[in-house]
Amino acid sequence: MEIVTDLINAIVLLLNYIVVPGLSYGSQLALGALGITLIFGILRFANFAHGDSMAFGTMITVLVTWWLQSHGINLGPLPTALLALPAGILMTIALLVVTDKCVYRHYRRQKAVPVIFMIASMGVMFMTNGIVRFVIGPNDQRFLDGERFLVSAREFKATTGLSEGLSIKLSQGLTIVVALILVALLFWFLQKTRTGKAMRAYSDNEELALLSGVDPDRVVLVTWVITAILATIAGTLYGLDKSFKPFTYLQLLLPMFAAAIVGGIGNPVGAIVGGFVIAFSEVMVTYAYRKVFVYLLPQSLEPGGLMQLLSTDYKFAVSFVILVLVLLVRPTGIFRGKVL
Amino acid sequence: MLSGQDMVGGYGGADILKGCSIEVDEREIVVIVGPNGAGKSTAMKALLGMLPLKQGTVMFRDRNITQLTPQDRIAKGIAFVPQTHNVFTSMTVLENLEMGAFLRNDDIASSLDQIYQLFPVLADKRNQLAGELSGGQRQQVAVARAMMSQPSVLMLDEPTAGVSPIVMDELFERILEIRETGVAIMMVEQNARQALAIADRGYVLVVGENRYTDSGAALLANPDVRRSFLGG
């Protein structure tokens, strides 16, 4: 009987520290990688400003959340940020569309090579980053309110009688649900609507899409709008889950690009799979397994160390290593996207 | 119906077209042949507006369309099948056909039926990705995509390049059927003999100029044309 309890405890440990965080972080990365992959598929460049587009959208959401909170408006158990999201999305759409008109359109007319677009996007990245830090400052900001937990560790222990607790934060549950809905909507849009098919056609074969009468300006506009929606929601969910700090969004660029490339850049399904591959790799490699082994092994074999493969300080190295390996072994990624 | 007169122009460098004139009328198959580098494809692309003309005019249904963009010309009823990359490989056959009808706002069901009658194999493969089809089937998708816009002029750039002789015969067979629906057809062909055999009119271009213009049968019978361009 004790063996069974130990086994269940070990499973709960893994659920609590690997599966739940991996799913929510993976959803956030997937949404971010989808934005990167859409821009790459349609506009054909690696958009380095994507992390800061997320930061900008989240910043607006945070500001509007504070304003709503100051007026006593809230969503009860749900975070008020959900109410502020539309404002964040609209402002981000405005930012991205204006940037496109001022910067990228110029290079499109010149028929510039992708690397020029990429460098231009780095300029946009620094500009956006500057705006965000100028407006809200470089520090951590708290904007989470409402219920904290869907399942709290204490309640879980009390109801199950286990010694390990399972906690699921509301922000984690919310992340997974919202990501599911958003991805379903995106795929419905790309597969079933006229505009979505035009986008896929344009991504597949630009010349032939033009010969079929697709309006390139409209495709580009719609792409930026969708990217803004994805970026703002991904950024806000990440901010609710962790906290909002402008610099972390710049750091997210690496795992998000890794996710997009691992899955096959330009391929939306790949971006989602890639997001979870990266998230689970990071979480699994940096988790200390000592307690799991304590439950599973007889006392005489109890491990001495933390049983941690890599310190959490090195978590970005994980996505970097995966990125390099994929580029070396299978540059098109899991789902045969385009080669960078 | 569609004609280019005294066209001069190129892609920026030296002129490829040096005063060449081609035209096609309703229910007519026009074939452009000539040696490599004669400007056959370029002449056709000039009609579509894909290269800037220094001189010459392009007329469509008695209107001067020389200044129109390719998109505007397509909207007016000119369809083009490029030689390569002429299908959306990551989309299904049906989606390819839908993209062909992108500018149409009416119900496309009857057009789809027509296309499936013309190319029965596409009906079976409608939900398969175009990239997974054989070369000959892909060419059928390419032609069918262009036909979905209900064009009055269909232009084909070497539709039989790289397909087997059997597939080529079948494709020409389909092109003859398309002509019966009232569409004007203009094509550039490497397989000059076979193409001229179904042509109502043929143009032989050499270094960007018209060398011979005659009915397909007359060109095939012309000893000079045979010797110089059809390999004896």
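Helices (H or I, at least four residues) and strands (E, at least two) are DSSP runs here, numbered from the N terminus. The model is a predicted one, so local features need pLDDT of at least 70 and side-chain atom pairs count only at pLDDT 80 or more, while totals for chains, interfaces and linings use all residues. Residues are numbered from 1 along each chain as its sequence is written, with chains lettered from A and ligands numbered from 1 in the order in which they are written.

Chain A comes up to expectations for its length. The radius of gyration is taken over C-alpha atoms, and the globule rule is 2.2 Å times the number of residues to the power 0.38. For 340 residues a compact globule would come out near 20 Å, and the 22 Å of chain A agrees with that. Laid along the principal axes, the C-alpha atoms of chain A fill a box of roughly 70 × 55 × 35 Å. Two residues are in contact if their C-beta atoms, placed from the backbone, lie within 7 Å. Of the contacts in chain A with a separation of 6 or more, 75% are between residues 24 or more positions apart.

Chain B has a radius of gyration of 17 Å, close to the 17 Å that the globule rule gives for 232 residues, so it is as compact as a globular protein of that length. The C-alpha trace of chain B spans about 45 × 40 × 30 Å along its principal axes. Buried residues make up 44% of chain B. Among its contacts between residues at least 6 apart in sequence, 67% join residues at least 24 apart.

Next come the helix pairs. Axes are lines fitted to C-alpha atoms, for helices over the stretch in contact, and angles run from 0 to 180 degrees between N-to-C directions. In chain A, the axes of H11 (residues 253–263) and H12 (residues 268–286) come within 7 Å and cross at roughly 125°. That makes H11(A) oblique to H12(A), since angles under 35 degrees count as roughly parallel, over 145 as roughly antiparallel, 65 to 115 as roughly perpendicular and the rest as oblique. Residues meeting across this pair include A:Ala258 and A:Ala259 in H11(A), and A:Gly274 and A:Gly275 in H12(A). By class, the contact has ten nonpolar, four polar and no charged residues; Ala, Val, Leu, Ile, Met, Phe, Trp, Tyr, Cys and Pro count as nonpolar, Asp, Glu, Lys and Arg as charged, and the others, Gly among them, as polar.

In chain B, H3 (residues 93–100) and H6 (residues 135–147) pack at about 35°, with axes 7 Å apart. Their contact has seven nonpolar, two polar and one charged residues.

As for where the chains touch, 13 residues of chain A are in contact with 18 of chain B. H7 (194–204) and H8 (206–211) of chain A are the elements giving two or more residues to chain A's side, and H7(A) has the largest share, five residues. That side divides into six nonpolar, three polar and four charged residues.

Definitions and conventions:
A residue is buried if 20 or more other C-beta atoms lie within 10 Å of its own, exposed if 12 or fewer, and partly exposed in between; C-beta atoms are placed from the backbone.
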